[in-house]
Each structure stands twice: as structure tokens, then as C-alpha cells.
Amino acid sequence: MKAPKDQHFLIDTDAVDFIADSVPIQGRNVLEVGPGGGVLTVALLERGANVRAVELDGTLVPNLEQRFKDELASGQLTITRGDASRVDLPDFDLVIANLPYSISSKITFRLLETGFETAVLMYQWEFAKRMVSPPGDGEYGRLSVMVQTYADVELILKLSPRAFSPPPEVDSAVVKIIPHEPPVQILDRNVHAIVVRELFSHRRKTVQNGLKGMKSIYGEEKMTALISNLPKDLLGKRPEKLSVIDFIELANQLSDLI
């Protein structure tokens, strides 16, 4: 079922409690993206969190303000109106949210860039599977590499459409994300992101052919030099066979040539 503004509100109370109890939140600043009707907000507030909510849908904000007027007055809750993938975010330590599916990728990468201790986030099941897929798996791709480079990711709960109102057309998953430093130093994060993006945009090609296609970005001389310095077995692989560290080392070699 198509939901207004891509909001599927969680109504499974057991799931709400599971999510709210998944990390200690007493006294912590918790970012909630898309509080909707406030079901998860209530659970977070009851457990002593200072909730920093960001809500895009202006029609929902007055109801939230009325429902939580005491918590707003005390400062335990703040509500920021806007798109969480673009608006200035309030200060937060943790993130717990039932994300609007259409901004899953944007908000995830923004949060990783911003920094947090732990995030517990709701995604479409297929999206979540891609986040945790290992090299060689059919779901392994750009999302897998970019997320796993900067965080440990764990599927902690699967939910059917019945857990939401209106019910989405797909299953959903709750994912726990704990940021970490990359396993190997990345010389230039922008170059790394471009290498991952470009190789997976031609995922059926070998690494060698994918790199050749990047001559329009970095020039023929640099890409030819890079290819000549790489092992033949790596050049003959397809991108889904490369590990997170393989991508970093490949990008670092390119960075040295730029």
C-alpha cells in the first residue's frame, strides 16, 4: 500500500519495545527521524531518553506538539521540522528511528558522516540484506561496501507488513549500526567512494574493464598506470568478489597517482 509521504507507522507494540530496549538510552540524546504519530517516541521518552525528533510532514507536527506538550516544555523532547537528509540536525548521541524508506540511503550515509555511537534503524528487508551482505554474495554491492567500510552492521529483527499502518508491500528489518574507523587508512574518501561507485555501476565487468571506464574521470595516463601496477588476479575479478579492504587499497593506489 502506498503511504502518504512514504510513512509506514509501526504499530506492533512488541517490536516498539524491542527497538526501544535494543540500546541503553537513559539520559542520552536520541535522534528519531520521522516520529509520525509518536508511538516509538513514547517508548523512548518512557525509558528516559532525551528525544531529538525530526519530522518532514508538517501535518503531523501539531499532533506531536499537543501529545507531547509537557515533554516539549521540559526539553526532554524537541521537534525539528524538515527533511532529515538535508536539514541541520540537533545534537545527538544515538539514533533510533523507523526511517521513511525513500531516504534510507541518503540518511544512512549522512548519519555516518555526521557521527554517532549506535543507530537502530528500520529499513526495507532487501535494503537491509544488502547492507550486511559479504563479498561473493549476490546482494553484495556499493551499499554493502560503503556501509561496512565505516561501521559494523547487524540485522536484529525482521518484521512483516502487518507490523505497520498502512502496511508496506515488503518485509522490513531493524538494523543495528555501530560506526568504526575503516580497517585500513583511506587516503582520500572521495576517491574511494568514486572507485566503489564506478566499479559497481558496471558490476558484470572485470575490475580491469571497470577501471578503464574511469579514464573519463581521472585521465587515461593515470588509469593506465594504475592498471599496470595491479595484480592480474585482482584485475580479472568482478567487483562483488572484492573485499572492503581490497576496495580501500585499490583506491589508495589511485590516490597516490593523482
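The points below go through a helix pair, a histidine, some aromatic rings and a proline.

1. A word on the basis. This is a predicted model, in which local features need pLDDT of at least 70 and side-chain atom pairs count only at pLDDT 80 or more, while totals for chains, interfaces and linings use all residues. Residues are numbered from 1 along each chain as its sequence is written, and side-chain values use heavy atoms, with hydrogens and water left out.

2. Please start with helix H7 (residues 142-150) and helix H13 (residues 244-257), whose axes come within 9 Å and cross at roughly 90°. Axes here are lines fitted to C-alpha atoms, for helices over the stretch in contact, with angles from 0 to 180 degrees between N-to-C directions. Helices (H or I, at least four residues) and strands (E, at least two) are DSSP runs, numbered from the N terminus. H7 and H13 are therefore roughly perpendicular to each other; that label covers 65 to 115 degrees.

3. Which residues make this contact? H7 brings Val-145, Gln-148 and Thr-149, and H13 brings Val-244, Phe-247 and Ile-248, where contact means heavy atoms within 4.5 Å.

4. His-192 is placed in helix H8 (residues 189-200). His-192 counts as buried because its relative accessibility is 0%; buried means under 20% relative accessible area, exposed over 50%, and partly exposed in between (1.4 Å probe, protein chains only). Apart from neighbours within four places in sequence, His-192 touches Met-146, Thr-149, Tyr-150, Ile-186, Phe-247, Ile-248 and Ala-251.

5. Now the rings. The whole structure holds 3 aromatic pairs; rings of Phe, Tyr and Trp (its six-membered ring) pair if their centres lie within 6.5 Å, and planes under 30 degrees apart count as stacked, over 60 as edge-to-face and the rest as tilted. Tyr-123 and Phe-127 form a stacked pair, 5.1 Å centre to centre with 20° between the planes. Tyr-123 is buried at 0% relative accessibility, and Phe-127 is buried at 11%. Ring pairs also join Tyr-140, Phe-200 and Phe-247 into a cluster.

6. Do look at Trp-125 as well: the charged end of Lys-158 sits over its ring, 4.2 Å from the centre. The criterion is NZ of Lys or CZ of Arg within 6 Å of the ring centre and within 35 degrees of the ring normal.

7. Lastly, Pro-168 lies in the loop between strand E8 (164-165) and strand E9 (172-179). Is Pro-168 buried or exposed? Pro-168 is buried, with a relative accessible area of 7%.

Methods. Angles under 35 degrees count as roughly parallel, over 145 as roughly antiparallel, 65 to 115 as roughly perpendicular and the rest as oblique.
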